[in-house]
Amino acid sequence: MKTENCREWRESLGAYALGHLSADEQAGLEAHLEGCAECRAEVQSLQQVATLLPHADPERFGPSPQPPKDLGERILATLDGERREQRRHQRRLRFGFAFGGAATALAVAVLALVVFTGGGGEGEPEQHVEFSSLPAGVEMAAMLEPHAYGTEIHMYVSGIRSGTLCRVFLRADDGARYPAGTFRYRWGDDSNAILSSALDLSRTAAIGVHAGDKTFIAPVDRSAAAIQIRPEEEET
Amino acid sequence: MAAGALSRERDVRDAYAAHAGELYGFAVRSLDDAGLAEEAVQETFVRAWRAGERFDPEIGSLRTWLFAILRNVVIDLGRARSVRPRVGPEGGIEPSVEPLDEALLSWQVEEAMRRIGDDHRRVIVETYYRARPYAEVAEELGVPEGTVKSRVYYGLRALRVVLEEMGYED
């Protein structure tokens with residue numbers, strides 16, 4: 001209960017919390033605290049603050065260091081570079097869609113648009129695979145890149161339910177499945193998931209994606225390039 | 001990607017204006033190196049931008065999120081640095097840096113002390129950190145001893161408010 005004494009004692013609570021009161025003052029204040037829940041609560045709260053004081057170094061109470069003036073602009077420039085790189089990468093992966101739009105009304109059948117772009121530099125070109133015959137509004141594409149360890153997969157998905165877990169696998173010529181990892185699709189995320197599988201691209205017959213309760217498979221037919229597309233021009 | 005917190009350049013500018021000073025202050029405090037601290041702040045914004053959509057304002061403030069990222073960046077930079085242990089003046093290996101959470105706590109309390117009023121900070125420094133008698137401090141400041149006492153009280157209260165504003169949770 002708040003009493004008239006409070007005003008008298010209140011301003012000693014800080015010194016008390018720091019252990020700075022004389023024995024007499026302390027005894028007097030503690031007698032007051034016995035009967036005053038409000039002051040007790042205040043003391044407790046101040047004592048919590050007091051326990052933090054030893055963590056600070058009073059030599060460091062001067063003005064805090066400020067970042068260099070141009071740091072903000074440098075950060076924006078870095079992010080701008082990242083954005084451009086991402087868009088460039090995105091376009092490399094997505095250009096197949098321009099050819100796929102009209103054919104997407106079919107139900108389950110899957111048609112792969114395989115495109116050779118040259119490059120790759122490891123004996124076999126990277127391959128762009130578009131999943132077609134997908135539900136309306138859904139887009140899926142993959143770029144497969146051969147490596148000594150197996151195959152690197154850049155997977156692009158959009159339009160499915162946000163949060164959907166996608167499990168990607170490659171199927172070998174002999175039908176064996178090789179897992180390539182998982183990712184979660186989020187709305188608004190137009191980045192590629194970068195995955196890898198131990199299966200050599202030269203032995204890869206198909207790529208599959210389990211997304212929710214559906215599985216989408218696109219054949220990777222390296223000898224049957226349906227359409228030739230000239231490699232995208234680099235951004236200037 | 002980055003459709004969330006920092007997707008637009010304006011968001012990055014706003015976040016930078018609001019938080020870069022504090023982030024940099026903490027980075028300097030924990031890394032003790034202005035160059036590394038710049039690197040840490042830059043890396044923090046890059047990671048935040050990349051992971052923008054993972055920011056959920058219902059879980060915590062942008063500031064708290066940026067500090068969490070910075071904390072990881074500082075750990076990474078600290079690790080990278082510890083690969084090349086510095087040799088102290090005696091020729092021995094310098095003791096390991098204080099644990100990061102302690103550095104974060106120290107920085108928070110120091111930053112809070114910087115933000116309270118000069119009068120309040122002064123009496124806390126004199127009576128607590130320098131352990132000087134209240135009477136002596138009162139004389140030096142030309143005020144009654146009771147005033148020193150009440151400034152200690154209001155100073156601690158102010159510190160509590162600032163720490164709360166900074167998101168300190170015990």
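Two residues are in contact, or touch, if their C-beta atoms, placed from the backbone, lie within 7 Å. The structure is a predicted model, in which local features need pLDDT of at least 70, side-chain atom pairs count only at pLDDT 80 or more, and totals for chains, interfaces and linings use all residues. Residues are numbered from 1 along each chain as its sequence is written, while chains are lettered from A and ligands numbered from 1 in the order in which they are written. The contact between the chains takes 41 residues from chain A and 40 residues from chain B.

**Interface, seen from chain B**

- Five helices of chain B each supply at least two residues of the side that touches chain A: α1 (9–31), α2 (34–50), α4 (100–115), α5 (118–129) and α7 (145–165). Helices (H or I, at least four residues) and strands (E, at least two) are DSSP runs, numbered from the N terminus.
- This side of chain B divides into 23 nonpolar, 10 charged and seven polar residues. Here Ala, Val, Leu, Ile, Met, Phe, Trp, Tyr, Cys and Pro count as nonpolar, Asp, Glu, Lys and Arg as charged, and the others, Gly among them, as polar.

**Nonpolar cores**

- A nonpolar core is a set of buried Ala, Val, Leu, Ile, Met, Phe, Trp, Tyr and Cys residues joined through C-beta atoms within 7 Å. A residue is buried if 20 or more other C-beta atoms lie within 10 Å of its own, exposed if 12 or fewer, and partly exposed in between.
- The largest nonpolar core has 31 residues, of which A:L13, A:Y16, A:A17, A:L46, B:V152, B:L156 and B:L159 touch the most other members.
- Two or more residues of this core come from each of α2 (13–17) and α4 (37–52) of chain A and from each of α4, α5, α6 and α7 of chain B. The most is given by α7(B), with seven residues.
- Leaving aside residues up to four places away in sequence, B:L159 touches A:V49, B:A112, B:M113 and B:I116.
- Another core, of 29 residues, lies apart from the largest one and includes A:I75, B:V12, B:A20 and B:L70.

**Helix α5 of chain B and what follows**

- In α5(B) the buried residues are B:H120, B:R121, B:V123, B:I124, B:E126, B:T127 and B:Y128. Their cover includes α4, α6 and α7 of chain B.
- After α5(B) comes B:A131, in the loop between α5 and α6 (134–141) of chain B. B:A131 has a positive phi of about 50° although it is not a glycine.
- B:A131 is exposed, with 8 other C-beta atoms within 10 Å.

**Loop between α1 and α2 of chain B**

- B:D32 lies in this loop and has a phi near 55°, a positive value in a residue other than glycine.
- B:D32 is exposed, since 11 other C-beta atoms lie within 10 Å.

**Chain A**

- Chain A contains six helices and nine strands, and 28% of its 236 residues count as buried.
- Among contacts in chain A with a separation of 6 or more, 56% are between residues 24 or more positions apart.
- A:T182 lies in strand β6 (residues 177–184) of chain A and is partly exposed, with 13 other C-beta atoms within 10 Å.
- Not counting residues up to four places away in sequence, A:T182 touches A:L165, A:C166 and A:R167.
- The C-alpha atoms of A:T182 and A:H210 are separated by 9.3 Å, the two residues being 28 residues apart along the chain.
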